[in-house]
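Below is a short report on selected backbone features of one model.

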Amino acid sequence: MCKRYPPIVKNAPRFLHGGDYNPDQWIKWKDTIWKEDMRLAKLAGINVLSVGIFAWAALEPEEGKYAFDWLDEILDLMAENEIIAVLATPTAARPAWMSKKYPEVLRVERDRRKILHGGRHNHCLTSPVYREKTTAINTALAERYKNHPALGVWHISNEYGGECHCPLCQEKFREYLKKTYGSLDALNEAWWSRFWAKTFTDWSQLESPAPQGETCIHGLNLDWMRFTTEQFVDFYLHEITPLKAITPDVPCTTNLMGTYPGFDSFRMAQVLDVVSWDSYPQWTGTENNAEAGVWASFTHDLTRSLKGRPFMLMESSPSATNWRPVAKLHRPNVHMLQSMQAVAHGADTVQYFQFRKSRGSAEKFHGAVVDHEGSENTRVFRDVADVGKRLAGMDAIRGTGTPAETAIVYDWHNRWVLDDAKGFLQNKTGYNAAVAAHYRAFWQQGIPVDIIDSSLIATPGHLDKYRLLVAPMLYMIRPGVAEAVNAFVERGGTFVATYITGQVNETDLCFTGGFPGPLRKCLGIWCEEVDALYPEDSNNLVWNGKSYEIHDLCELIHAEGAQVLGTYGSDFYAGRPALTVNNFGKGKAYFIAARTVPGFLYDFYRKTAGDAGVKPVFNAELPQGVTAQVRSDGKTDYIFTMNFNPSPAQVDCGVQGVKELAPFETVIIERPSGQHDRSSQ
């Protein structure tokens, strides 16, 4: 049962609405622009602003000499105007004086070239000097603002990313490997280093992957990604140490980036007080908006699921996103739809990059609340103000949860090894797209979904709340996962697996004894071969009296106790199993042996979810491009019915009647929790 979660910021029970603000860019004009910004923020219904991001040079223009007067003034202005500060540590881009005096802080790229000063996320995470300087400025910020009435959240750095291959990081990597494996014999076994005479005989021989060096040991590549994740976790913990010591009640976060592949966000979320992320859907203003909507919904659900509670939408664009190949404007209603979509999937904030447009440099044409023109007389400002007004009337929804009985597995470790696999479709195996395709079938039906990873599967009791578990392309089976899945199905759960499942263990070594490895008994099948198809190839899956197109990948399987539900329609494996179900204990385990078109997944999950007792929000089928998502406090369900089409849509909401949705419109419906539409039964 869902419950209501406490506010992200104490004593701020409303939705937070605002965005990134860079007053340090406007210090020369502070007497006019800063005050005007406060007026415009209030006019737009903005009650939170993120400040201090990338402000290190303004805060410490010379080593050890802090310039906090401007930050004092802007925080005072924000407090006077009842605007909460998401106060950033400035560590995402270091000042030039530091690079000049302490070159060890500069990152070394994968090809072993040391970078010059420039860009951002340009620092070595291992560097003692960088860590010392980080502690100093973070301590100074916490001491100065610990009692400031504006302080609400600490924003740690900004969009952690990248990696460093300098000698300091190489030595730390070796320490990580020693701790992980204990001995070189164990490491060599886990990496299968007998291949191509790769055996290591001294720890000093180990280095991170390099284009001019080692890239073919998949265990090495995987461990480097795991190490990089721990580097970011460790650096984050280093950053927050003085903040937690001085301001223990102020929550800390860092803004994540959806499915960014550079580190495991499930691991990072373990050390965050609240999860936040930056969302930039590529809206088209056409029917293709629905495809963008599916992916945005998936990443919102993923972000919410990282900690299983409401999250912060830290950044989004109120208009054009300048770094997109096509910086298309939001069509009327799209900004409201984008904002309500985030809330529908668990956001308790709607925030933007940026509040006021920069005059120069790379983001001067990125969307903003306040345009270069500088007034409230723009379409975008009115769109933002409309969102602010709507959020102000939604207090009852803030803090509510998501009543999901279905979980889909998205696992960074699994993605890393699939991306690295030499076989199948050679760097085009498409894990992200495959997971999103399965998610889309639930999105179309209005079935709420959690996104979980293998660490959550293996956590005792975590699967208990779900009726249906879907694991597309679970190529890697980490310790404890198969045991938890088997137990889930045995006690009555429904499990769905697909092609390329259970082929390697946690160090990317193939299972012996037949695929899908430790899931073979549960699924009741043996997977013998995988056929990769050329782009012009196709096959078909015959199931339930219909034929569905197949593309990309076909797995040749044998039923070992499983019932054959669907078969291949052509090629030398015509008539062989393509869809099976195995009764295992009190539950069922399905296997989809090929990559299919969305129509099959929609039909399959409509039946399978129903059989598993998972109910959509409305019984009547939703029109194409329309979804219904729900938040609940256990007493009242708040159903967000969203039209991602450029044309009107009619939605049969059961006892609530038929709703007419304008293009890109969101309608919120309330009903008692547990009351499902019976009109179509």
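## Terms and basis

Helices (H or I, at least four residues) and strands (E, at least two) are DSSP runs, numbered from the N terminus. With that numbering, Ile 500 lies in the loop between β13 and α17.

This is a predicted model, in which local features need pLDDT of at least 70 and side-chain atom pairs count only at pLDDT 80 or more, while totals for chains, interfaces and linings use all residues. Residues are numbered from 1 along each chain as its sequence is written, and side-chain values use heavy atoms, leaving out hydrogens and water.

## Strand β3 and its burial

Strand β3 covers residues 84-88. Five of its five residues are buried, so the strand is largely enclosed by the rest of the structure. Buried means under 20% relative accessible area, exposed means over 50%, and partly exposed lies in between (1.4 Å probe, protein chains only).

In a regular strand, side chains alternate between the two faces of the sheet. In β3, Ile 84, Val 86 and Ala 88 point one way. Ala 85 and Leu 87 point the other way. All of them are buried.

## Partners of β3

Two strands pair if DSSP finds at least two bridges between them. Strand β2 (residues 48-51) pairs with β3 in the parallel sense, over four bridges. Val 51 has Leu 87 as its bridge partner in β3.

Strand β4 (residues 151-155) also pairs with β3. The sense is parallel, and there are four bridges. Here Val 86 stands opposite Val 153 of β4.

## Cis peptide bonds

Most residues other than glycine have a negative phi, and most peptide bonds are trans. Phe 353 and Gln 354 are joined by a cis peptide bond, with omega about 15°. Gln 354 sits in the loop between β9 (347-352) and α12 (379-392).

The bond from Phe 515 to Pro 516 is cis as well, and its omega is near 10°. Pro 516 belongs to the loop between β13 (494-498) and α17 (520-523).

Which phi value does Ala 197 have? Its phi is near 55°, a positive value in a residue other than glycine. Ala 197 is placed in the loop between α7 (184-191) and α8 (218-246). This residue counts as exposed because its relative accessibility is 70%.

Ile 500 is not a glycine, yet it has a positive phi of about 55°. Is Ile 500 buried or exposed? Ile 500 is buried, with a relative accessible area of 0%.
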